Amino acid sequence: MAKPASYKFCFGPWNISEGGDPYGPTTRPPQTFDWKFDQLKKLGYDAMMFHDDDAVPDIDGKSSSQVIKEAKALKKRLDDAGIAAEMTAPRLWFSPQTIDGAYTSNDPKARQYAIDRSLQCIDIGKILGTDLLVLWLAREGTYLRESKSGKKSVELLVKAFDKMLAHDKKVRLAIEPKPNEPMDHAYVPTIGHALAMAQLTSDQKRVGALIETAHCILAGLDPADEIDFAMAFGKLWSLHLNDQNGLKFDQDKPFGSANLRSAFNQVRVLERNKYGSKGEYICFDVHPFRPTKVEHTLAHLDNSRRTFLRLVEKARSFDEAKVSQLIGERDYQALDQMVIEHLLGKD
Ligand code: GLO
Ligand code: MG
């Protein structure tokens with residue numbers, strides 16, 4: 001019998017989305033934040049992820065005292081509902097100020113805006129009870145190689161991280177690498193880049209990473225290996241599980257949807273490395289397929305969690321002694337077939 005799973009799950013309000021893409025409008029009406037909030041527990045989830053403007057809508061137009069007041073009201077709501085805030089993240093890619101980048105913009109005013117907003121986001125996180133600041137560096141890269149300097153951009157990123165680390169002595173930064181989209185080339189495309197950059201900061205112990213399945217695949221890398229790599233450094237502080245069909249646009253498919261074997265291997269390394277034992281969450285950064293009907297608008301979240309839990313059972317019932325024996329005999333043909341038959345449900 002497999003041991004009961006002890007993972008904690010979360011998603012963000014943006015994961016209940018409306019189906020719009022660059023080529024066509026939305027296909028479902030927007031759901032209110034209140035409705036999304038009410039669905040979370042019913043779906044078996046424990047925590048929510050918050051962009052700064054998910055926590056405090058229209059944040060740029062509000063005074064700091066108003067922002068703090070609204071963050072405190074949200075914290076009370078979270079406590080009353082028994083829902084945790086997993087992280088906060090500054091949504092720096094929407095603003096007219098960050099069209100040419102945020103921390104790495106060529107415009108010093110834009111860089112200052114990005115830093116100010118990040119520091120405010122840390123304050124919101126503190127009120128919501130989380131010390132984790134997620135940094136998806138969406139517009140830190142180039143559309144045009146000659147428009148920026150890679151070395152200067154690394155320096156600007158480190159300077160911005162240092163300001164955040166100095167602002168709050170408890171905050172931990174989780175860098176979420178992604179190689180492209182919206183940029184042609186991002187400055188922090190992989191987990192290796194994120195962890196190397198941590199070494200340049202004033203407090204490398206508080207700079208770690210978040211791995212997203214789809215982002216690893218977009219970089220041509222194996223998500224399970226990337227997880228292992230980050231965990232070898234003790235630096236995997238959050239995780240966005242989803243799926244992705246090859247080197248195409250970012251698809252954010254349900255977990256396991258494109259490659260069940262890869263999903264199994266991701267779960268297996270999480271189990272092997274005891275992910276979650278320090279309170280880390282399993283987050284699903286997934287979206288409904290565009291043709292999804294409104295009545296099925298939560299299915300991708302329910303399905304991702306179900307698939308994950310089924311794969312936990314598969315990882316726990318995988319005959320590891322047999323695996324070691326086959327490795328010892330260098331019988332990788334048999335090991336390959338063993339994985340396939342295990343996933344097909346033969347044993
Ligand atoms: C996009 C990212 C995005 C981030 C989120 C948290 O590709 O995965 O969804 O995870 O904004 O900062
Ligand atoms: Mg993500």
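I took buried to mean under 20% relative accessible area, exposed over 50%, and partly exposed in between, with a 1.4 Å probe and protein chains only.

I noted that this is a predicted model, in which local features need pLDDT of at least 70 and side-chain atom pairs count only at pLDDT 80 or more, while totals for chains, interfaces and linings use all residues. Residues are numbered from 1 along each chain as its sequence is written, chains are lettered from A and ligands numbered from 1 in the order in which they are written, and side-chain values use heavy atoms, with hydrogens and water left out.

**Entry 1: helix H1**

I used DSSP runs for helices (H or I, at least four residues) and strands (E, at least two), numbered from the N terminus. Which residues of H1 are buried? In H1, residues 33–42, I found Lys36, Phe37, Gln39 and Leu40 buried. They lie on the same side of H1, because they cover an arc of only 165 degrees around the axis; the arc is that of the directions from the helix axis to the C-beta atoms. I then looked up what covers them, taking contact as heavy atoms within 4.5 Å. The cover includes strand E1 (9–11), strand E2 (47–51) and helix H3 (64–81). Just after H1, I found glycine 44 with a positive phi of about 85 degrees.

**Entry 2: salt bridges**

I counted a salt bridge where a side-chain nitrogen of Lys or Arg is within 4 Å of a carboxyl oxygen of Asp or Glu. The structure holds 21 of them.

I looked up aspartate 100 and lysine 148, whose closest N and O atoms are 3.6 Å apart. Aspartate 100 is in the loop between strand E3 (84–89) and helix H4 (108–128) and lysine 148 in the loop between strand E5 (141–142) and helix H5 (150–167), so their bridge ties together parts 48 residues apart in sequence. Aspartate 100 is partly exposed at 36% relative accessibility, and lysine 148 is buried at 11%.

Next I took aspartate 250 and lysine 178, with closest N and O atoms 2.8 Å apart. Aspartate 250 sits in the loop between strand E9 (236–241) and helix H9 (260–272), and lysine 178 in the loop between strand E6 (172–176) and strand E7 (185–186), so this pair joins parts 72 residues apart in sequence. Are aspartate 250 and lysine 178 buried or exposed? Both are buried.
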